[in-house]
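Work through the exercises below with the sequence and the model open. Each task is followed by a solution in steps.

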Amino acid sequence: MARVRLASGADPGAEIPAAAAGRGGSLLATETAPDGALQSIPALLARNARRWGAEPAYREKEYGIWQSWTWLEVAEEIRGLALGFLALGMERGDHVAIIGRNRPALYWSMVAAQSVGAMPVPLYQDAVAEEMTYVLDHCSARFVVAENQEQVDKVLEVQESVPAIEHVIYLDPRGMRKYDHSRLHALKDIEAEGRAAHERFERELEVRKAELGYDDTCVMLYTSGTTGKPKGVVLSNRNIIETSKNSAEFDHLRQSDEVLAYLPMAWVGDFIFSIGQAYWTGFCTNCPESADTMMTDLREIGPSYFFAPPRIFETLLTNVMIRMEDAGRFKRWLFARFMEHARKVGPKILDDKPVGARDRVKYLLGNLFVYGPLKNTLGLSRIRVAYTAGEAIGPEIFDFYRSLGINLKQLYGQTEASVFITQQPDHEVRPDTVGVPSPGVEIRIADSGEVYYRSPGVFVEYYKNPDSTASTKDPEGWVATGDAGFIEPETGHLRIIDRAKDVGKMADGSLFAPKYVENKLKFYPSILEAVVFGSGREMCCAFINIDLTAVGNWAERNNLAYSSYQELAGHGQVLDMIQSHVEEVNRSVAGDEMLSGCQIHRFLILHKELDADDGELTRTRKVRRRIIEEKYRDLIEALYGGKDEVYTETEVTYEDGRKGKIKATLKIRDAAVVETQARMAAE
Amino acid sequence: MKDTTEPHTTADGRKIGGVLMEMRNITLRFGGVEALRDISFDIRAGEVRAIIGPNGAGKSSMLNVISGFYHPQEGEVWFRGQRRPSMKPYQVARQGIARTFQNIALFDGMSVLDNIMTGRLTHMHAGLFAQALWWGRAQKEEVANREKVERIIDFLEIQHIRKTPVGRLPYGLKKRVELARALAAEPMLLLLDEPMAGMNVEEKEDMSRFILDVNDEFGTTIALIEHDMGVVMDLSDRVVVMDYGKKIGDGTPAEVRANPAVIDAYLGVAHD
Amino acid sequence: MPDTLLFAAEVTLNGLMAGVMYALVALGFVLIFKASGIFNYAQGVMALFAALTLVGIQQGQVPFAHLINAVFGTSVHHFGWTVPSLLAIALTVVVMIALAIAVERLVLKYLVNQEPIILFMATIGLAYFLEGFGDVMWGADIKRLDVGLPQGLNSVIDETTFNIFGYGFFIDNLDIVATVIAAALVLSLTVYSQFSRDGRALRAVADDHQAALSVGISLRYIWVLVWAIAGFVALVAGIMWGTKLGVQFSLSLIALKALPVLMLGGFTSIPGAIVGGLIIGMGEKLFEFFVGPLIGGATENWFAYVLALLFLVFRPQGLFGEKIIERV
């Protein structure tokens, strides 16, 4: 077991919890490279082309049909691209920005860049131009590979202020014919040029590939960060390959596995799953046709290894529930009856715990009539290992999937850790912990409650930011997570309470853990987002965001007319429903002595959805508490000022960057709180 | 100012060719009401031609004349250098003129894919008996056409609704499907009847981009009707302005904008 | 197995097969209604006309013999040859296509965009015209139709069931053939309308005329096509019913049996026509078997209509018809 010891605190660093796999054990990081020469992604590619040449490596749906490439074909594609990059003058140590949705050619561009000694820097494709400027400028990207016109336009727009950019390469030529092509190239032209000139560059490419060392940079990923400018996390080949190897062993990943690559390429999780683990184990990466077809593509591919943030699992479950509401009576009865049974014995069967023969038979029947077809429509029928992370997942949601026999587990990770810090081993899965330390990871808890870790996956540095590097990673290699948590003594599982800096004190000195309460609220399908305030205050108050799909559906069933989100959010019956949820949460919070002060006394439903475009959420959809506090100062004052309603005007940004104003009068409700000895309820 | 009536290459590299369609002295009456009075203008190959005017100016009547839904009492329609006899709408469609409708005319009960496939009907040749007897050949034709349709689906970014019945789609997407169906015909001339009507700002921008891309990528000649002047000016090469069934202006967007008669019609100032 | 149960099983089977025959007629209605919104009252007469034509061609009858003889004082009735069944059927198909073209040219063309009731009246006119025309062309006498379809007791089923249950089921060969043919017909119609060029055009026209025109579909061609297909279906129904009952005027009345089928199945659904036919066929036979004796029999005359009436009350759009939604 990894060591767990206490140590004094350090500054919380950049964040970004993340995702995926492994058998917890005493494996310590190997200091030397595995298998001799497998010290880089291009080296792994060469091995895969030799060992699994005819096996599928990538699939992508295009023009309504799944196209596929074998490892041999992929190696050939990447070689062509790498030659093309050489012909274009790509040098060792250059940064190559990659912008676009998950597409095979963009993954290949990353590996091709690595092959010539350059470093890929995938960017978030929905970043607006100014966010992009900062990153492109910070890493002085000489090359940008962009998916399509939309992305090229953004790059061209910022090119003025980022002089380093020399060449922009695009994948999809649509709409780009009339552009000035002096520094703009089609990816397939680059590849063709490379092949045409292969005699000149073949040797150079071999030399460059042979130079790649285990401690050279593999990839640089920018963290979106809840505060301040994004930081470039430098991850070495060692970080990526060791982590991929350990986690692949932990979950027994194999060459025949299938994953669906649909999460942002700029996110460390996607890099680990779709590149690290994919190249280590040789499994197949499937790319959806478009962002909007993800659910259909999921169903068609039926991945065996799957990662999704809780939000996706919630959406899937909500869709199932909505469809069941509309189903016939017999179907509903069958569903209710068998789901009840599944909830009782499903998780036990999954965890290999003893279950009676009669229950097993009934579960088999259920599998035939309900669970099987259901998993099939969800696209989850072939799942061996599924992970969720990033945010806490609702226990009911978590249990729902497990009771169906889907091996859904949780992990806890960060960009700086190359994802894995802790993960749940098979048969030790619970909704309220994030598992045991991943193989090779050591964990300790500081006095402040902050969680620290050390592992072979720990990042090299923040690019051009030694101060932040020093304040995040100490000389011994310990990294601060920025999260507060504790290790359960009896099981060795880690439990996360909240962001370390967000765990505060209320006016009377009792503990204030907003996320803990927010998560409980968000477990209700009708609540999309919640923000709880109370640090240094007498009582807790909350903003609620309703889920338009769930509440809209509920409204339809209850014959509630509404014409807009805003109108629905302000509806009396909706407020009543949310109030009942809040009060239920209060009862549950009151049950935990330490946190009973966090009960919500007053709340309001926001008139707009919190949005990353307005800066209220991060790109990974996490609440930016401080910005919200600043922006909605008037609402908070009204909550604590005892008013019944408040008029407000809010500036919003549309997708095209234009701004507008929303005006609304919001009602404020008081929620019942449970009196505890520790604290008298206000008023 | 460059002479826009001669074949030339635009600043952004598109080739404008000779006259594709010419309307000569078109007059259309419904009973005693003159919807169109002695209107003449031409459409050149490769250009985006707009017909604008306030509501009731006769724009839609003009489009219906071009697409064969209305038959003018006087005047001639010339297409590809030949005078066009009076034609039924389906005959016009078979000549290579596709259109969309202001109020959207889709087959609501059919899927998006099937709707777009109907756009290929003019390109499918296996006859009734061939379809029944030589199933294989008809099948091959079907596959070839499906491929074309898939490219359009990809082009207009509607992959996610491929199998959805059209009746269930929101308005903006329906407009896009209708454009897709018209494009599937690979028309020589594409007529768009108020393509942005009823759309929000974002949808309008998407639609503008698609229209420009279609013109740019396939070299399709486009004639469109709009009453929103702003959108049109950015999109089109030349603009015809109509008011009360008469043509009151014709030229590049800049020329039209400077035309006093046009300004009056739009600002509602009466001369004399 | 108790006897009653066996009888009931046999009755059910016979009912289902009779249902197939009803469905064949209903199918013709549905096709035309779906594509053009016309309730074609003449569908039953078309079946009669098709059967008359088939018999006439097969037996080498001289068309309009009475008329010719009356005008010219001649006495020709037969050409003196008989035409092989398959060829006769093919020729009849040609005649039905010609009829479809004629209907479009002479009637429908002038009624474009008219109210449905006007079109309905036109088909009533068509029905009476066609009935008289058939008489004049082929004579009014009852004819036997035999195109070589097997008829009578199916001995294999009879023996097998006798060996198993000790009671032989009486199943008519003709009914079995009808079922097979109906199934093939529905299957090919479905495939045709889903996957062929004309099928897609057909659905397009059924959905929206204006849009269909704009994609280059000629409405007149589609109408000819639909009427020709309906004529073909009428021929199939005519052959089945004609073989069973003989070709005579009452054949056109089977259209009336198709009405309750349509109410049950919906006017716009091909599977509806089939299922509707099966329910009516099975229902009326079982009702006659179980309830008939209690209330004096002859329930088959009215049962179908009462069932359809009940259905109309609870589900006006039929089993498979498009849902009627009134937006307020």
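The model is predicted, so local features need pLDDT of at least 70 and side-chain atom pairs count only at pLDDT 80 or more, while totals for chains, interfaces and linings use all residues. Residues are numbered from 1 along each chain as its sequence is written, and chains are lettered from A and ligands numbered from 1 in the order in which they are written.

**Exercise 1.** Describe the packing of helix 2 of chain C and helix 4 of chain C.

Step 1. Helices (H or I, at least four residues) and strands (E, at least two) are DSSP runs, numbered from the N terminus. Helix 2 spans residues 43-58 of chain C and helix 4 spans residues 85-106 of chain C.

Step 2. The axes, lines fitted to C-alpha atoms over the stretch in contact, are 9 Å apart at an angle of about 135°. Angles run from 0 to 180 degrees between N-to-C directions.

Step 3. Angles under 35 degrees count as roughly parallel, over 145 as roughly antiparallel, 65 to 115 as roughly perpendicular and the rest as oblique; the two helices are therefore oblique to each other.

Step 4. Contact means C-beta atoms, placed from the backbone, within 7 Å. Helix 2 of chain C contributes Ala50(C), Thr53(C), Leu54(C), Ile57(C) and Gln58(C), and its partners in helix 4 of chain C include Ala88(C), Leu91(C) and Val95(C).

Step 5. The contact has eight nonpolar, four polar and no charged residues (nonpolar: Ala, Val, Leu, Ile, Met, Phe, Trp, Tyr, Cys and Pro; charged: Asp, Glu, Lys and Arg; polar: the others, Gly among them).

**Exercise 2.** What radius of gyration does chain B have, and how does it compare with a compact globule?

Step 1. The globule rule is 2.2 Å times the number of residues to the power 0.38, and the radius is taken over C-alpha atoms.

Step 2. For 272 residues the rule gives a value near 19 Å, and chain B agrees at 19 Å.

Step 3. Chain B holds ten helices and twelve strands.

**Exercise 3.** Are Asn559(A) and Asn25(B) buried, partly exposed or exposed?

Step 1. Buried means 20 or more other C-beta atoms within 10 Å, exposed 12 or fewer, and partly exposed in between, with C-beta atoms placed from the backbone.

Step 2. Asn559(A) has 6 and is exposed; its phi is near 55°.

Step 3. Asn25(B) has 13 and is partly exposed; its phi is near 50°.

**Exercise 4.** How many residues of chain A touch chain B?

Step 1. In chain A, 13 residues are in contact with 15 residues of chain B.

Step 2. The chain A side has two nonpolar, four polar and seven charged residues.

Conventions: Contact = placed C-beta atoms within 7 Å.
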